[in-house]
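Work through the exercises below with the structure open. Each task is followed by a solution in steps.

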Amino acid sequence: MEEISRESYLAYAGLKTTAELQPIYERHERVLGVEALELTLAAFRAAPANTDEMRSAQSLLEWEIESQASKPLAALDEREIEWENTAVIRSPDGRVIQYQAAPIEIANTRDRALRLSIDKARAKLVAKEHAPLRLERLQREKEFIESLDVARDYNSSFEAVTGISLAGLGAQCERFLRDTEGMWEDSLSDALRKSLQIKPSEAKRSDALALFRAFEYDDAFPGGEMEAMIRRQVGEMGIDATAKGRIIFDVGERAGKRSRAFCSPVRVPEEVYLVLRPHGGQSDYNTFLHELGHALHFGYASADFPFEYRWLGDNSVTEAYAMLFDHRMQDRGWLLRYTRLGQNRVAKFLRTAGLEELHFLRRYCAKLLYETALYAGNVPWEELPDLYVSLLSNATGFEYDPADAFVDVDPRYYSARYLRAWQLQSVLNEELTARFDVDWFRNPSAGPWMVRELFAQGQRENADEIAARAGADSLTFTPLIRKIEALLES
């Protein structure tokens, strides 16, 4: 895992053209053979329910399945990484734009005609070169995992080893989309008219990038002050933002660095990288805070915990900790203390934050429904792009491009982890508020408590268990809807 993680960090951070994954799998082939799978599967089936033995076996089995699937796909992954790091888009105005930088360029282009043209060129390149790579990977991964006979098909295999009910979460998503439809349509129409001067019927996905880039607040979120300010805030919580040097910030511009930020735990907890390619303004602050939540989780994990509790488990947990931090961008007190918004603009910014939160929740609900259909195999592969466009466009109000149907899929139902993370962070925020007041983010007792009760535990517990420990009966979208309504009424 250390070798794979380091190689992935170097490639995705733009420090290598591609990742050399195949030699790593070859060196460690004994842990990825038939015997290893039989061992972990037997341990999983024999472990008593609701015990650490079961937690351990479940995490190891999920890792074994994913790693065994990744081994034969390593050559394809290397090709895709190299393609992403070297591909370029030719802009209508004559510029050559790195494929990895295209989302940044689109978000920062205020001329709508040019923005749409750049995205059109991007989609054309994706359809011709990137989408076929991703489609092949999705097909081969699905076929391989189903060949392991852990369960009857891909979806039931995922449910068996994670304990997550796709049908249950999907039903929650469908209810959320219904319950927030009126609120979303009203809010989006107003925002498009005021910010982009377009009608809802004209809105494209590239317009969403520009809308939530929120240029008008750039002066309140200066890039040169971001890292120092966030370090100060975490220090006021009573902990070190770098976990005594174990967390390394890689937040500068670099050709080849992915536009999508990430946290790379290369050695847990000794060596953790926070990687961000600047977009500008409030989006960078939001992203930095999110990845910092991950980094603090891994950087403060108990060094004496077993491998599976430090590295594996329910990633809904680490995503919830990341969202705990990025949701400070929806906190009036935090914004007034740590940014330059001021009293006269904070209410308007909070309404923008509420709109963005609702957009991303609706987008990920639609993604889960789409990915469930994709992996179920009931819809032919060639018909999935139409389903993708229908589900995502209807949920978000922005027209999606069919070229992205196989590129816009996070591996192994990570969309489910994100959705459960949203639910868990709302529970944890209430717990922190009850213990340390509404400004827990600057309470010197809050940080040590989070380290001891949350981060140090790694991912030994899943999201449901942590929520129950915090006093919640279940994970739901209800508190999120209440919060969004309050933000939109700011």
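**Exercise 1. Aromatic pairs**

Task: State how many aromatic pairs the structure holds, and classify the pair formed by F221 and F349.

Solution. The model is a predicted one, and it holds 26 aromatic pairs. A pair of aromatic rings is described by the distance of the centres and the angle of the planes. For F221 and F349 the centres are 5.3 Å apart and the planes make 35°. Planes under 30 degrees apart would count as stacked and over 60 as edge-to-face, so this pair is tilted. F221 sits in the loop between helix 10 (205-213) and helix 11 (223-236), and F349 sits in helix 16, so the pair ties together parts that are 128 residues apart in sequence.

**Exercise 2. Helix 16 and helix 17**

Task: Find the relative direction of helix 16 and helix 17, then list the residues through which they meet.

Solution. Two packed helices are described by the angle between their axes and the distance between the axes. Helix 16 (residues 343-376) packs with helix 17 (residues 384-396) at an angle of about 155°, the axes being 8 Å apart. Angles over 145 degrees count as roughly antiparallel, which means helix 16 is roughly antiparallel to helix 17. Their crossing is right-handed. From helix 16 the contact takes H359, R362, R363, A366, K367, L369, Y370, A373 and L374. From helix 17 it takes L384, L387, Y388, L391, L392, N394, A395 and T396. Sorted by class, the residues of this contact are 11 nonpolar, three polar and three charged.

**Exercise 3. Helix 16 and helix 21**

Task: Describe the packing of helix 16 with helix 21, and say what P479 touches.

Solution. Helix 21 covers residues 478-488, and its packing angle with helix 16 is about 145°, with the axes 7 Å apart. The crossing is left-handed. On the side of helix 16 the contact is made by L350, R351, G354, L355, E357, L358 and L361; on the side of helix 21 by L480, I484, L487 and L488. By class these are eight nonpolar, one polar and two charged residues.

P479 is also in helix 21. Leaving aside its neighbours within four places in sequence, P479 is in contact with S426 and E430. Its C-alpha atom is separated by 8.3 Å from that of V427, 52 residues away along the chain.

**Exercise 4. Backbone exceptions**

Task: Which peptide bond is cis at P269, and what is the phi of Q197?

Solution. Most residues other than glycine have a negative phi, and most peptide bonds are trans. The bond joining V268 and P269 is cis, with omega about 5°. P269 belongs to the loop between strand 4 and strand 5. Q197 is not a glycine, yet its phi is positive, about 55°. Q197 lies in the loop between helix 9 (181-196) and helix 10.

Key. Residues numbered from 1 in each chain as written. Predicted model: local features only at pLDDT ≥ 70, side-chain atom pairs only at ≥ 80, totals over all residues. Heavy atoms only, no water. Axes fitted to C-alpha atoms, helices over the stretch in contact; angles between N-to-C directions. Helix = DSSP H or I, 4+ residues; strand = E, 2+ residues; numbered from the N terminus. Left-handed = near helix turned anticlockwise from the far one by under 90°. Contact = heavy atoms within 4.5 Å. Nonpolar A, V, L, I, M, F, W, Y, C, P; charged D, E, K, R; others polar. Parallel < 35°, antiparallel > 145°, perpendicular 65-115°, else oblique. Phe/Tyr/Trp six-rings, centres within 6.5 Å; stacked < 30°, edge-to-face > 60°.
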